[in-house]
Every structure is written in structure tokens, then in C-alpha cells.
Amino acid sequence: MTAVLVAGMTQPATAAGPEPAGEPSVKYSAEATFRFGDGSTVSADDMKAKVQRETAALSPEEAQAEARETAIATGQKSYRDSAEFGDGEEQNRVAAAMAEPPDEPDENFVKNCTSLPGARSVVGRIHNRFQYCQRGDLKIDYYEIYTDKPPKKVGTTEAEFTIIGLASNQTRKVRVFFRIEKGSVDYDWGLWDNWFTAPNQSFSAVGDCREAPDYCHGAFSGVDHTLASWDTGVWAKWDIYSHEDRSTFQDKVLYHRWFIKIGSGSEGKFKLLTPVDTPDRMIRCDSATYFQFAPQACVFNEVLPHITYSTGDRDVALVANHIKIAQDTPNDSYPLLVPAGFPPPRDKLIPGRLGSAADPGLHRYDPANTGLAKNHEDHKEAACYRTGVQRDVYFDLWLPRPPQPPGEQCDEYPFASTIEGASNPDWDFSVRAVPQRQNSVAGGRLRAYYTGDRILYTDPTPGAPISDEFWVEITDGGSGGSLPVPVDEPPTVSAGVDVTGDEGAFITLNGYAHDRESTPSLTWTLQPVSGTDPGAACVVADPRAAQTTITCNDDGEFVAILTANDGVNGPVTDRATVTVRNVAPRVAATSQPAQKALAADPAGFGPEPWSVYRVGTDVTVTVPVSDPGENDTHTCVVGWDDGTTEDFAAVDDRCDRSHRYTHAGMYTIKVTVTDDDLGTRTRETMVVVYDPDAGFATGGGHLASPEPVAGKGHFQFNPAYRPHDEGPEPTRGKVSFRVDGTDFDVASETLEWLVVTPDDKVAVKGTTADGRGFVLYGYDPDRLRLVVWDLKTGPYPLRDNVYDNSPSLEYDLDLADPQQITAGAVRIHN
């Protein structure tokens with residue numbers, strides 16, 4: 001397969017929404033991924049940003065530049081041979097063949113198009129201006145989402161999908177089709193769920209366009225099937241409509257981006273939290289009434305439209321040969337710039353050759369522009385026959401043999417119907433005598449081609465917004481020796497546009513190569529240019545493919561060199577700049593979920609929050625470091641929250657360190673990892689350090705308990721370590737708290753640890769007989785905070801607590817900010 005589009009599930013627990021009262025804590029979600037063979041990836045977050053960028057209507061200048069750039073980068077051509085248009089009633093036949101799109105695409109076309117180059121890429125194959133196809137994989141991961149623990153993946157479903165686009169030249173619309181290939185759905189849920197659960201999940205698909213609905217609109221509802229139904233190969237279809245009344249341009253031209261959105265279905269319990277769109281593809285819609293049998297149309301315009309003539313086609317052979325000489329060896333075409341034997345002051349530049357990204361195209365103009373038409377005709381007559389108003393411009397010595405009527409005619413290239421015709425002031429055109437019949441057939445095919453590829457008129461006025469380029473390709477089909485032996489020319493090659501990506505990630509290179517005589521061998525090489533460290537390198541996934549991906553082990557600027565070799569001429573190269581961004585290092589999450597055991601696992605970040613240690617014992621922080629930039633080095637900074645900070649280099653991708661605290665307290669350990677390109681990542685964990693010999697605390701009185709448990713809150717506590725207690729559990733004392741007028745009452749059943757600090761602060765943690773946990777904080781003098789939570793949610797407080805008289809997410813004793821009591825006392829006894 002060929003590119004990846006990912007609908008990511010971001011912050012799944014939050015996205016699932018708050019848990020309604022009385023419902024279980026588990027929800028279900030799915031995450032969809034389009035995958036293609038060229039390694040491209042587009043996440044759901046990327047698509048959100050794209051939507052924000054691209055909802056405005058496209059200007060013609062932007063759309064035309066973007067479409068040509070895509071066509072050149074991906075090698076998209078219109079795939080039209082002039083022979084298919086015939087030589088009589090061409091426009092009628094072409095128009096009839098592309099009227100209303102069918103309800104289902106022709107299976108022979110589907111099979112053929114999806115087997116051709118580009119169909120399995122992220123762009124797909126713009127087969128011509130009226131036909132599009134794409135094939136790839138759809139992967140859906142299914143999750144159970146909990147409020148109290150990380151999501152759990154329960155299964156994966158994969159399938160092969162096909163997208164077909166067919167345009168009409170009767171209305172301003174295209175019809176897009178989507179299906180899952182029959183029998184391609186594969187379930188990986190486990191034996192039971194593969195048969196009973198997975199096939200009953202569903203998803204919906206809908207075709208739409210990115211712009212506002214008053215410019216362009218697609219379907220207003222999706223097609224929803226279970227996976228079992230999609231697996232039957234059923235087609236879904238939608239029409240994308242363009243609104244001509246919103247256009248102020250020539251021929252009511254508008255440009256639109258269309259896509260297919262995959263979203264949640266109605267069946268099954270698993271839902272997509274974030275819908276995912278296919279990458280946008282562009283269409284151009286117009287109401288050009290000068291197409292006699294095709295007054296309105298939309299076309300797939302990310303393509304280089306071209307007409308092909310063959311030197312082996314006896315109906316047009318000498319016309320094709322004339323164009324070939326004009327394109328390939330323009331200095332040998334008439335009129336000559338200087339007499340034979342003299343060096344030319346410059347090379348002739350005749351446009352329209354398909355094959356090089358740099359070659360300009362041709363532009364059809366409105367024949368009502370009689371001034372341009374007459375100027376072309378005057379120059380052609382003078383160059384061919386030495387007659388007319390322009391005869392003195394052309395010298396006899398530099399002219400070809402004049403055509404001999406009636407059997408011959410004067411053929412000009414670029415064509416008389418294009419802006420670039422014979423009136424070019426720099427003589428960048430060619431004339432030659434050709435048989436009258438061949439000239440007539442070639443001209444008829446060109447006129448039919450204009451309809452077949454929907455070539456609009458281009459206004460020759462400088463700066464006019466609508467510019468519709470097309471090109472001419474000449475192929476050699478054998479001529480029985482009557483034509484010149486073709487010259488084997490070097491291939492043309494383009495490394496594509498400059499690209500940017502992240503270190504360690506796939507970065508796509510969109511190269512292009514073409515050779516008229518053969519298929520050249522290709523080789524990609526990568527070289528660091530600037531801003532790179534020693535050891536920085538990139539690996540090419542397929543060095544012999546024009547379109548491939550690379551991964552780089554460090555940031556910086558690289559040059560990607562694409563070399564094409566046809567085995568006859570010397571190698572031809574082109575370069576593209578690859579800018580690789582640094583990615584901050586990663587630090588693994590804590591080794592176990594917070595609601596489970598507190599013991600640290602050396603494989604993960606530790607220690608777990610609220611881990612308990614005695615004063616003077618080792619507290620070891622374990623910090624595994626990973627980095628997609630494998631060439632990066634890392635430094636570590638550990639702040640122990642007692643005034644001590646350690647700064648050191650990572651060893652074997654770890655920032656592990658041990659420390660001994662000299663006083664009891666609650667300490668928030670902060671670890672910052674920085675790579676050699678200044679990318680940083682920080683993690684924190686809080687530990688509890690107790691000292692059985694640090695003293696004890698007492699308190700009693702009342703305070704004003706806030707909502708939602710409002711009233712007079714009575715408290716009493718006296719935890720203490722007995723002599724010779726090792727801890728962490730204090731063996732003496734209790735904690736109690738109640739609020740008048742309510743049923744809220746806390747009475748300690750166990751005390752887990754007691755912290756008494758030198759600066760007269762106390763914290764004690766314990767549990768109640770009815771399954772609640774509590775932490776009491778006290779500052780001397782006379783401040784108190786009590787936090788109570790349900791032990792089912794975990795061994796320490798998080799967000800959804802049962803009670804907190806001084807609400808805060810800060811649980812470090814130094815940051816607890818207890819409430820001032822109303823009466824009584826809080827005392828620390830050191």
C-alpha cells in the first residue's frame with residue numbers, strides 16, 4: 001500500500017466526558033487510521049489545523065500554483081492520447097462519454113486505475129481531469145476508556161478501501177465513491193470477539209468539501225454500515241457541488257477541496273472520538289459555455305494536462321516529428337536565429353514540452369481575440385511563404401522550403417490556437433511543411449482534446465487570474481525508416497519541493513524522473529549541510545524510488561540528491577533541501593498506574609508519587625530517556641526540593657540518581673532532561689519522608705467548612721510515634737472530623753505515616769473503616785486542611801475528592817495552604 005492518515009485519540013479519558021451518575025466507569029472508543037504505501041501520515045490533529053487553514057475560498061492564483069506543484073511533485077499527467085479523439089464529430093463523442101456519472105464506477109476502470117502508479121499513494125492517481133482513484137488500508141483500533149486508569153486496547157480491525165472520483169461535463173459536480181474491498185476486513189480481537197463483537201461495530205463515511213457550503217457542498221448525511229456490511233464491497237457515493245453564483249471570475253471558475261470523512265457509526269458500542277478525513281484533493285469547476293456540448297463541468301485539476309502525438313502514427317506522423325524537433329532541438333527549427341555555421345546569440349525557447357518540471361506550458365485563448373489570431377497568422381504566412389504584412393521581418397536565407405499546395409500546408413508550433421503561437425517576438429516558434437491531411441487530422445484532434453481535457457481560455461492580459469496550462473508529448477512508435485532516427489536524450493529529473501519534518505519520523509521525498517526512450521535507474525543520496533552534529537545521518541526507505549521516505553537520526557539541514565541514469569547519457573541530478581526539526585527527549589511515565597502498588601519499577605520513571613521513605617535512607621529516582629533523534633546526547637537536572645540540585649550527563653540513556661533527606665517532609669522531585677539541541681522534557685513525582693524522632697502534633701477545635709459540606713467542622717487529632725517505633729505507621733493517636741448538620745464524619749481506623757517538619761508543619765495520612773482515605777495537613781499556629789477521597793479511586797488524592805476544606809491540586813505539605821481555624825489550636829511538638 002502507499003500513505004498514512006491517522007485519526008488520533010487525544011486525551012481519551014477527558015474526551016470521553018464526565019461519567020454520569022450511576023453508570024459504570026468504562027466507556028468505549030475507536031481510533032481510525034488511513035494507511036498508504038508511501039509511508040505518509042496525517043493525524044486527526046493535523047486535519048483540524050488543516051480545516052482551520054483551508055475553509056476560506058481558494059483564489060485562482062493560489063489554487064493553480066498548488067495544483068501544478070502537486071502534479072509536478074507526484075508526476076500526475078492527464079493520460080490522453082490524441083488518437084482516442086478521432087478526426088470527426090469529436091466534441092460530440094467526448095461530451096456524450098462524460099455526461100452524468102454512473103451510480104457505480106465501472107469495475108474494469110477500478111481494477112485498471114488502482115493498479116497503476118500513484119493509486120496507492122497519499123495523493124492517489126488523478127488518472128485524467130475527469131477520473132480519479134486511490135487505494136489504501138483502513139485500520140481501526142478499539143479501546144475501553146476508564147476514569148481511573150489508562151485506556152485499554154481491546155482489538156484491531158483492518159480493511160482495504162478504494163476511492164473513485166468521476167466528473168461530469170454537464171453539471172458543476174463530481175461524484176465520489178468509497179467502499180471497503182469485499183472480503184478484505186480482518187479482525188484481531190480474539191477468537192470470540194472476532195465472530196460476535198467486531199463485525200457488529202460500524203463506521204460512517206461522507207463526502208464533502210472544505211469551503212463554506214454557499215461555495216461548495218457535499219453530502220449532508222453519511223453512509224453508515226457495520227463492518228460486516230462494509231465487507232460485502234458495497235459502494236457509497238456522494239456528489240460534490242460547486243455554486244457558480246459565488247464566482248466573479250472568468251467562466252464562473254471556482255476551486256474547491258474535497259475529502260471523505262470517516263466518523264462514528266450508529267451500531268456497536270465503540271465510537272470514534274475524533275473523525276478522520278482523507279487528505280484534501282482539489283477540483284476546478286466552471287461554466288464555460290463555449291464548450292458547445294458541455295456547458296458546465298468540474299475537473300480534477302492537480303494534473304499536467306497534455307495531448308500526445310506519435311511519430312509512429314501515420315495519420316499525424318510528420319506533424320508529430322515537426323513538434324519533436326521544435327521541442328527537442330529548437331535551434332534546428334525554422335525560422336533560424338542566424339544562418340548555418342554561425343553561433344547563435346541565444347538558444348530558442350519553445351514552450352509546451354511535457355517532461356521537465358521547468359518547461360512552461362501552452363495556453364488556449366478566446367478566438368474572439370481577432371487581433372492575436374491575425375498576428376499569429378501574419379507571422380506564420382511570412383515565415384512559411386515570405387508573404388504578408390510581416391514578410392520583411394523574415395530573411396529568405398533563414399526560411400524552410402515553402403509548402404506546396406494543395407498537398408501540403410504550413411504547420412506551426414506552438415499551435416495557432418495558443419497565446420504562444422507564431423507571433424512570438426523572439427521567434428520562439430517553428431514552421432514546417434506537412435501533408436495537408438495530417439495537419440487537418442492533428443488540428444481536429446487538438447480541438448477535441450480541448451473539450452476532452454476541459455482546457456479553458458486564458459486571458460492574455462498580464463496578471464489575469466485564470467491560467468489553464470497544457471502540454472504536448474511526442475512519442476516514437478516506429479516509422480519504417482522515413483523519419484529521422486530519434487536522438488536518445490538524457491532523462492529529466494526533479495528532487496521535488498524542499499521538505500521539512502521531525503527527527504526520527506518519516507519525511508516524504510516527492511521526486512520525479514522522466515525519460516523519453518526508457519525508464520532511467522534512480523538513486524537517492526543524503527548529505528548533511530548545516531546545523532548538524534557529527535554522526536547525523538538519514539536513511540532512505542527505498543533509494544531507487546522517485547517517491548520515498550527518509551528518517552534522520554538528528555536535526556539540521558540536509559540535501560537530498562536524486563540521480564537518474566538512462567545508461568546512455570551521463571547521470572542527471574537534482575537537489576531538494578530537507579530541514580529536520582529537533583524533537584524533545586521523552587521520559588517514560590511512572591512505571592505503574594497510580595492506583596496500584598507504589599513500588600518503583602526500574603524500567604519506568606520512579607519513584608511512584610507518595611512513595612514513603614525514612615529520613616537517612618536512599619531515595620532513588622529512575623529516569624529512562626528515549627529520543628527519536630538517536631544521535632542526540634542528553635544532560636539531566638534533578639531538583640530534590642530540599643535546596644539540593646544535581647546536574648549531570650545521562651549514562652546509557654538514563655538519568656538515575658539517589659539522595660538522602662535529613663529532615664522529614666513531603667518533597668516534589670523535579671527531573672529535567674535536555675538534549676544537545678536544547679529540547680527539554682520535565683517530569684515530577686512527590687515522595688514522603690518521615691522521622692519517628694521528629695516529634696508529634698495535636699489539635700482540636702472547629703473551622704468553617706465550605707460548600708458542598710457547609711457548616712461548623714469539628715476536628716481533633718494527636719498522632720505520634722512511640723519510643724522505638726520504626727514507622728512509617730505511628731502507633732499512637734487518632735484523627736477525627738465531623739460537620740454539624742450533615743452526615744459527614746471522618747474517624748481514623750489506621751494511620752499510615754506521620755510527617756513533622758522542623759518549620760512546624762504536620763501531615764498525617766490514614767484510612768477510615770468505610771473505605772475512605774484522608775490526609776490531614778496542619779500549620780502551627782492554627783491552620784488546618786483535610787482531604788478525603790474514596791480509596792476505590794486510588795491510594796492517594798487526585799482530582800475528584802470526597803472532601804477538601806481548602807480545595808487545591810497541591811498536595812505537597814509546603815504548598816498545601818491550610819485554612820485558618822475559627823477556634824481551638826493546632827500545635828507541633830518537636
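**Entry 1: a hairpin**

I looked up strand 41 and strand 42, which form a hairpin with 5 residues between them. Strands here are DSSP runs of E with at least two residues, and helices are runs of H or I with at least four, both numbered from the N terminus. The model is a predicted one, in which local features need pLDDT of at least 70 and side-chain atom pairs count only at pLDDT 80 or more, while totals for chains, interfaces and linings use all residues. Residues are numbered from 1 along each chain as its sequence is written, and side-chain values use heavy atoms, with hydrogens and water left out.

Strand 41 runs antiparallel to strand 42 (residues 711-717), and 7 bridges join them. Two strands count as paired if DSSP finds at least two bridges between them. I noted that Gly701 has Phe715 as its bridge partner in strand 42.

I then checked the pairing of strand 41 (residues 696-705) with strand 50 (residues 823-829), which is antiparallel over 7 bridges. Here Gly700 stands opposite Ala825 of strand 50.

**Entry 2: strand 36**

Next I followed strand 36 (residues 634-639), joined to strand 39 (residues 665-675) by 6 bridges in the antiparallel sense. I found His634 opposite Asp675 in strand 39.

Strand 36 also runs antiparallel to strand 37 (residues 645-649), with 5 bridges. Val637 has Asp647 of strand 37 as its bridge partner. The hairpin of strand 36 and strand 37 has 5 residues between the strands, and in this hairpin Asp641 takes a positive phi near 70°.

**Entry 3: a surface patch**

I looked for nonpolar residues on the surface and noted a patch of Leu191, Trp192, Trp195 and Phe196, with about 620 Å² of accessible area together. A patch takes residues with over 30% relative accessible area and no salt bridge, joining like charges within 9 Å and nonpolar side chains (Val, Leu, Ile, Met, Phe, Trp, Tyr) within 5 Å. A salt bridge is a side-chain nitrogen of Lys or Arg within 4 Å of a carboxyl oxygen of Asp or Glu.

Leu191 lies in helix 6 (residues 191-196). Is Leu191 buried or exposed? Leu191 counts as exposed because its relative accessibility is 71%. Exposed means over 50% relative accessible area, buried under 20%, and partly exposed in between (1.4 Å probe, protein chains only).

**Entry 4: the whole chain**

I counted 10 helices and 50 strands in the chain. Of its 830 residues, 52% are buried. Among contacts (heavy atoms within 4.5 Å) with a separation of 6 or more, 67% are between residues 24 or more positions apart.

The accessible surface is about 35,500 Å², and carbon and sulfur atoms hold 51% of that surface. Accessible areas come from the Shrake-Rupley method with a 1.4 Å probe, and for residues only the protein chains shown count as cover.
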